Each structure stands twice: as structure tokens, then as C-alpha cells.
Amino acid sequence: MGSGNQPAKLRTKTGCQICRNRKKKCDETRPACQRCVALGLSCQWPTAEDLVDRRCTPARRQKSVSLSPVLSKTRLHHVHDRVGSVAGGPAFEIDSRLSLLSESVAHRALSRDLEPVIARHFVDKYYDLLLLPNCHPDYYWGWISDIQRLMRECKSLQYSVLACAASHLHYIDDSSQMQELALTYYSHALRGLSELLAQPGQLESHNGLLMSVILLYLHGCMGRGTYTDVPRHVNAAIRILSLRLMSHDESISKPFDRLAVESVLYQIFLVTMGSWSDPIELDYHFDAQFWVQAERLLTLSTLFPDRSMSYNSPVLGIPLGLFKLALSIKQLYQSPFRSDLETLEQFRSELDNWEGAVLSDQDLDPLSPDEERNDAHQYYRDAAYLYILTASLLVEQLSELGEKTGPPEAASSECWQIRKVCQILSAHRDDDEWARCFIGNWPVYTLAFFMQEPADMRLLWEDLLKRWNLTKFGQVARFRTDVELTWARRGLTM
């Protein structure tokens, strides 16, 4: 703590300004840290003013006000403390006349005052969880800059941003009122989409429209209350991208277009895989032709040649073939022809090379001579390994299941796949950035069903719990619930 009139200084290392803004661990190397060097960014360091500990500054006085049932005064101040002060923006004040307004008018007034704070949360907190850590800065800064610019003219995009951020705040603060606000924004976004679709013109070239659709399916996947809407938003994005890119024999030339294609493919994967305990939860059948066309397009469209896959990939990060293999195995797993020996042999043949890479600790994404290895490269490799190990265990069970349905059965704790999974997760047990990286969500969830030893179960459970605590994504909450209920039905305890 400071003394006299001197402001207190932060006692912990802060890192460069770029790493602070992106919420990444900085190695503190001066004049330029390794992350900035690897990404080709100008490394900037915080000033003395930035290092003042704001916990020691006098609290701002807030006007006491009686609010409508939308948000209590205590809740409003709490939301402001958690969002406004983190964002570094000015504290907003609510006019005392609000208590005299009708509930509907109060709701509109309060929503209007909250919108800048909620939008700031999207920029400062939520957005950083949507892209992978090692992708080229053009993906990261380009998309958020376009979102902020297009929000001014595209109401649907504006409300899609607010819906995602408000839903995220709902999970962070356990606020039912914030969830109500998120669903209100969501309905406004849908209305805005309808208005856009009614306008003449080439909508496939409208970036604001495509961004809005992407954020709406992310709201369904990561938020609460609109999960069953995800397939229709994914299908809308497929139609837009088909008109935009697939009708031409040209490669992708713009970072956002590649980001959009990868995002849609990843969402197709997630919604098709669905829940292990409820295989017909969404009953979604994806457009196989779009997948093939998109895969070919991505292969032809390396925007940053002579760079690693992770540098070129903002959403997928690992070989697309692993997603496709997992999809094919899951579809056979849920079909009445699961004991099809010919198909099983094809899977085993394809898995041979992948399993060999795991057993020999092979790097699936070699770096270019101009790239330096960092912690995130290990996340990509280990996430890819988890996908391979998941596929390997599923294929082993396919011929033994008979008529049984539901989640995968527990496997022997001594099999090499389980031991490798535990080795990987043990190495990341205290690594927050690993848990924040979303490409590990699905394999960790699926692998949890194979565990039966208490120590192994706890390792998987702790990984999922950390993912929830650090991201507050509804997807992770659904995964945890499914795993815990399945373990309870099997009589397994940690």
C-alpha cells in the first residue's frame, strides 16, 4: 500500500500493454516480449500512471435510486463494479427520476444506460475467448475493429454483440435480470436480421449480416436459452458463405472470410456432435457438400504462406481431418450399422498414422524458420492429441457395443490412451491459458466418459471445472452436467 499522498503501485509484474490488453501471459522481456515478436507487433509498455493500483483510489459516489424489478440498485452497482471499472471507462449515473417511470419505460431507460457497459464487456472480456491465441493479428484486431465499426450502422449486429455480452455477464454474476436483458437483445437482433433480409441487394457481401449470424449461433452455444436455435443460424451462415465464396473458383483473400468459414465448420462440428446422453437433442444433419467445399477452399487459402497452421487458423487450430474423423465415428456410433466391419477397418487404418504421431510425440504443426515456439503451440499439439485419443477409444468400443446406446463406456485405466490423456492433462493442471483455449473443450468432455478410477475422474472433472471458471461458457456447463449425471448413474465417485 502507498503512504502519504503517493498512489500505491501494483506489486506484481504487469507485462507489456499488448499482452495486458489480450489477457495473455507476458515473459517480461524488454524492449520487446517474445509474444509480440512472434506476432510481429510493436511491443508497448505501461506508463507509471497505468501501474497505479486502482484498488487504492477513492470509490466513486453513486446516486441512490429506486429501480424497477429489471435490476436492483445493488445489482446495478455490482454489474458496474465488475464491468465498468474493469473497462476503465467512466462510471455511469442513473437519474433519480427513473423511479417515477413506468416499468416498461424504466426497462428501456435502464437498458440504454447499460448498453455501453455491456458492449465494453464484449470488447474487453468476451471477444478474447472467441479466437485462438496464436492466430495472425489481422484476424484478432481486424474482426473486432470491423465489429465496432459496423455496429454503428447495423442494428442486428449491435444487438447480437449485446446479447452475447449480457449472457456472459449473467453467468459471471449469476444475474437473472441480465439473462432477461440478453434475451431481449437477442430478439432485437432477430428483428434486425429480418429487416436486413427484406432489403434488396447482395446480402452475401454484407459483413454486418454475416457477423450477426455468427454471434447469434455463438450466443446459443455459449450462452443460455437459445441453444435450440443454433442449427438455423448455422444453416443461415452456410447459405451466406455458399453465395459469397463457394460459387467462385477463387481462394479466400480476406482474413474475415477465412475466420467465418472456420467458425461455421467448428460450429457444424459442435452442433452435430451434440450431447452424448441425448443424441437427438438437436437432430442436426449438416450439409456434407458445404463441408467438402469449405475444406477444399481452406486448403487453397493460406493467407500467410510459409507460416504454421496455428498462425493461419483463427478458430480450428488443428488439422481439419481430425474434426471430420470424429464426426464420422460419432455418426457410426449412433447408427444401427455400428458393427460395419469395412467402415471400422477404414477408421483403424486412418487412425494408425495419427496414433503413431501421439506415441512418438510428433509435432503436427511444424513452425516456420521465422516463428518462435511459445506455450500456446503446446496447447494446439495437446488438443490435437486429445482428439486422436478420443477417436482411438471410440473406435475400439464400436465393435463391442452391440445394441447399447448412450455415452461411451468406461475404459481400462491401464490402456495406453487413458494413460496418455492423464499425462497431458496433468501437465496442464495449473495452466489457466490451457483451460481458456476452447479447442480442448469437446475432447476433454468426451474423454471424461471413459474414466472410472477416482484419480482419473478428478483430473478430468478439475479440467472441465477450470474451463467453466475461466470462460463461463454455457457449453462447458452443459458438458459438466452431462458427465456428472453419467458418472452418478454408473455409481462412480471421485
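K472 is found in the loop between α19 and α20 (474–489). The phi of K472 is near 55°, a positive value in a residue other than glycine. Most residues other than glycine have a negative phi. At 18% relative accessibility, K472 counts as buried, where buried means under 20% relative accessible area, exposed means over 50%, and partly exposed covers what is in between (1.4 Å probe, protein chains only). D174 also has a positive phi, about 55°, although it is not a glycine. D174 sits in the loop between α6 (155–173) and α7 (176–197), and with a relative accessible area of 61% it is exposed.

A word on the ground rules. This is a predicted model, in which local features need pLDDT of at least 70 and side-chain atom pairs count only at pLDDT 80 or more, while totals for chains, interfaces and linings use all residues. Residues are numbered from 1 along each chain as its sequence is written, and side-chain values use heavy atoms, with hydrogens and water left out.

**The overall picture**

The chain's secondary structure comes to 20 helices and zero strands; both are DSSP runs numbered from the N terminus, with helices being H or I of at least four residues and strands E of at least two. Of the chain's 494 residues, 54% count as buried. Take the contacts (heavy atoms within 4.5 Å) between residues at least 6 apart in sequence: 76% of them join residues at least 24 apart. The accessible surface of the chain is about 22900 Å², with 49% of that belonging to carbon and sulfur atoms; these areas come from the Shrake-Rupley method with a 1.4 Å probe, and for residues only the protein chains shown count as cover.

**Inside the fold**

A nonpolar core here is a set of buried Ala, Val, Leu, Ile, Met, Phe, Trp, Tyr and Cys residues joined through side-chain atoms within 4.5 Å. The largest one has 145 residues, and the members touching the most others are I118, F122, W143, L265, I268, F269 and W442. Helix α15 (residues 375–398) gives the most to this core, with 15 residues. Setting aside residues up to four places away in sequence, I118 touches L162, A165, A166, L169, M178, L181 and Y185. There's also a second, separate core of eight residues, including C16, I18, C19 and C33. C16 has 0% relative accessibility, so it counts as buried.

C437, at 6% relative accessibility, is buried too. How many disulfides does the structure hold? It holds zero, going by the cut-off of a pair of cysteine sulfur atoms within 2.5 Å.

Helix α8 (residues 207–222) has 16 residues and runs 22 Å from its first C-alpha to its last, close to the 22 Å expected at 1.5 Å a residue; the expected span is 1.5 Å times one less than the number of residues. Because 15 of its 16 residues are buried, α8 is largely enclosed by the rest of the structure.

Over in helix α10 (residues 255–273) you'll find T272, which counts as buried at 15% relative accessibility. Leaving aside neighbours within four places in sequence, T272 is in contact with Y284, F286, L327 and Q331.

**Salt bridges**

The structure holds 18 salt bridges, each a side-chain nitrogen of Lys or Arg within 4 Å of a carboxyl oxygen of Asp or Glu. Here are some of them:

| Pair | N to O distance |
|---|---|
| E295 and K324 | 3.1 Å |
| D456 and R419 | 3.5 Å |
| R429 and E462 | 2.9 Å |

What does the pair of E295 and K324 tie together? E295 lies in helix α11 (residues 288–300) and K324 in helix α13 (residues 320–333), so the pair ties together parts that are 29 residues apart in sequence. K324 is partly exposed, at 36% relative accessibility.

With D456 in helix α19 (residues 454–471) and R419 in helix α16 (residues 416–427), that pair joins parts that are 37 residues apart in sequence. D456 is buried at 8% relative accessibility, whereas R419 is partly exposed at 33%.

Elsewhere, salt bridges that share partners join D128, E433 and R436 into one network.
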